[in-house]
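Colleague: I would like to go through this entry feature by feature. Please give the general idea where there is one, then the case at hand.

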Amino acid sequence: MAEIYADLRGVGKTFWSRRGDVTALKNINLEIRAGEFMSVVGPSGCGKSTMLKCVAGLEPTTGGAVKIRGTVVSGPPENLGIVFQRDVLLDWRSVMDNVLLPIEFRRGDKKDFTRRANDLLVLFGLDGFQSRYPWELSGGMRQRVAIARALLQDPAFLLMDEPFGALDALTRDELNIELQRIWNETKKTVMFITHSIAEAVFLSDRVVVMKRDPGEVVEVIEIDLPRPRKLAIRETREFGQYSTRIREIFERLGVYRERT
Ligand SMILES: Nc1ncnc2c1ncn2[C@@H]1O[C@H](COP(=O)(O)OP(=O)(O)O)[C@@H](O)[C@H]1O
Ligand SMILES: [Mg+2]
């Protein structure tokens with residue numbers, strides 16, 4: 001058995017408001033294995049972001065507990081990188097200073113990190129853009145900067161909340177390839193949230209399928225496709241079977257009905 005990196009036991013999250021209670025998460029039981037690439041797919045509002053925030057210690061659970069390497073999460077743990085859907089870059093800071101932002105909150109030798117930040121920017125094809133400003137960059141480049149920032153301190157655990165959701169399809173494909181390569185080289189534990197079935201199947205060792213009202217895990221699917229995966233794998237029969245299986249779960253749950 002692989003080592004368990006993160007463990008969600010009976011995790012629940014209810015938001016109370018004047019309009020009534022929202023059970024964003026109900027009894028989530030999930031183990032994230034060390035070094036695995038795990039994706040979470042589900043319709044809008046099924047609690048994906050809430051789950052990520054609970055794992056990241058940014059939101060307290062209202063039931064159950066999240067453990068990371070055996071320790072209950074009660075605040076943002078060390079050794080964690082997060083990428084959000086909106087890239088949250090600071091527009092008045094250069095690309096380099098945006099990547100270096102995390103070490104301003106922690107003591108660290110800026111010199112060492114400057115070199116690493118530069119290496120990451122080169123790796124992401126952003127060499128020459130170090131002193132540019134976020135508003136000068138395309139959406140894909142901004143998201144690369146955000147990923148470089150999340151990787152600055154070489155975290156063992158990477159949480160990504162629909163990081164490519166706002167990008168055009170070609171840029172998204174390109175970043176999927178890059179992300180797979182980085183994961184392949186570093187074997188980080190990744191929890192990746194997306195609403196794209198194809199993206200989830202392409203990237204993952206396992207795909208967690210969620211439903212909404214209340215947010216629950218419906219199924220966890222092992223993706224047994226060879227790695228490294230090229231984009232063309234999406235046209236294979238095996239890939240299609242995984243996609244179909246997930247789509248059929250959503251059909252059964254009536255996810256598509258409300259949109260037609
Ligand atoms: N801070 C909050 N206060 C009240 N309700 C919230 C809050 N955050 C999320 N919710 C509700 O919890 C549910 C799950 O939201 P979210 O985790 O953002 O879903 P997803 O990321 O899957 O789209 C939604 O019904 C949402 O409206
Ligand atoms: Mg979300």
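Colleague: In which loop does Pro 228 lie?

Modeller: This is a predicted model. Pro 228 sits in the loop between S10 and helix H8 (237-253).

Colleague: How should I read the backbone there, and what is the peptide bond from Arg 227 to Pro 228, cis or trans?

Modeller: The general idea is that most residues other than glycine have a negative phi, and most peptide bonds are trans. The bond from Arg 227 to Pro 228 is cis, with omega near -5°. A cis peptide bond also joins Asp 213 and Pro 214, where omega is about 0°. Pro 214 belongs to the loop between strand S9 (206-211) and strand S10 (216-222).

Colleague: You mentioned phi. What is the phi of Asp 213?

Modeller: Asp 213 has a positive phi of about 55°, although it is not a glycine. Like its neighbour in that cis bond, Asp 213 lies in the loop between S9 and S10. Asp 213 counts as partly exposed because it has 13 C-beta neighbours inside 10 Å.

Colleague: And Asn 27: where is its place, and what is its phi?

Modeller: Asn 27 is in strand S2 (residues 20-33). Its phi is near 45°, a positive value in a residue other than glycine. With 16 C-beta neighbours inside 10 Å, Asn 27 is classed as partly exposed. For a glycine with positive phi, take Gly 57, which follows H1 and has phi near 70°.

Colleague: Next, the sheet. In what order do the six strands of the open sheet run?

Modeller: In general, strands of a sheet pair through backbone hydrogen bonds, either parallel or antiparallel. Here the six strands form an open sheet in the order S6-S7-S8-S3-S9-S10, and the pairing is mixed. The edge strands are strand S6 (80-83) and S10, each of which pairs on one side only. Neighbouring strands of this sheet are turned by 15° against each other on average, direction ignored.

Colleague: In which sense do S9 and S10 pair, parallel or antiparallel?

Modeller: S9 and S10 pair in the antiparallel sense, over six bridges.

Colleague: Now the ligand. How many residues surround ligand 1?

Modeller: Ligand 1 is surrounded by 13 residues, the closest being Phe 15, Ala 24, Lys 48, Ser 49 and Thr 50. The elements that give two or more residues to this shell are strand S1 (4-17), S2 and helix H1 (48-55). H1 supplies the largest share, three residues. By class, the shell has four nonpolar, eight polar and one charged residues.

Colleague: How many of the residues of H1 are buried?

Modeller: Six of its eight residues are buried, so to read the wording, take the cut-off of 20 or more other C-beta atoms within 10 Å. The buried residues of H1 are Lys 48, Thr 50, Met 51, Leu 52, Cys 54 and Val 55.

Colleague: What does the domain assignment of the chain give?

Modeller: It gives domain 1 (4-79 + 156-259) and domain 2 (89-155). The C-alpha centres of domain 1 and domain 2 lie 25 Å apart. The contact takes 10 residues from domain 1 and six residues from domain 2. On the side of domain 1 that touches domain 2, strand S7 (157-161) and helix H6 (169-186) are the elements that give two or more residues. By class, that side of domain 1 has eight nonpolar, two polar and no charged residues.

Colleague: Last, Leu 121: which element is its place, and which residues does it touch?

Modeller: Leu 121 is in helix H4 (residues 110-123). It is buried, because 20 other C-beta atoms lie within 10 Å. Leaving out residues up to four places away in sequence, Leu 121 touches Val 95, Val 99, Leu 126, Asp 127, Phe 129, Gln 130 and Ala 148. The C-alpha atoms of Leu 121 and Pro 214, 93 residues apart along the chain, are separated by 40 Å.

Methods: Residues are numbered from 1 along each chain as its sequence is written. Chains are lettered from A and ligands numbered from 1 in the order in which they are written. This is a predicted model: local features need pLDDT of at least 70, side-chain atom pairs count only at pLDDT 80 or more; totals for chains, interfaces and linings use all residues. Domain bounds come from an automatic or database domain assignment. Two residues are in contact if their C-beta atoms, placed from the backbone, lie within 7 Å. Helices (H or I, at least four residues) and strands (E, at least two) are DSSP runs, numbered from the N terminus. Ala, Val, Leu, Ile, Met, Phe, Trp, Tyr, Cys and Pro count as nonpolar, Asp, Glu, Lys and Arg as charged, and the others, Gly among them, as polar. A residue is buried if 20 or more other C-beta atoms lie within 10 Å of its own, exposed if 12 or fewer, and partly exposed in between; C-beta atoms are placed from the backbone. Two strands pair if DSSP finds at least two bridges between them. Axes are lines fitted to C-alpha atoms, for helices over the stretch in contact, and angles run from 0 to 180 degrees between N-to-C directions. A residue is near a molecule or strand if its C-beta atom, placed from the backbone, lies within 6 Å of it.
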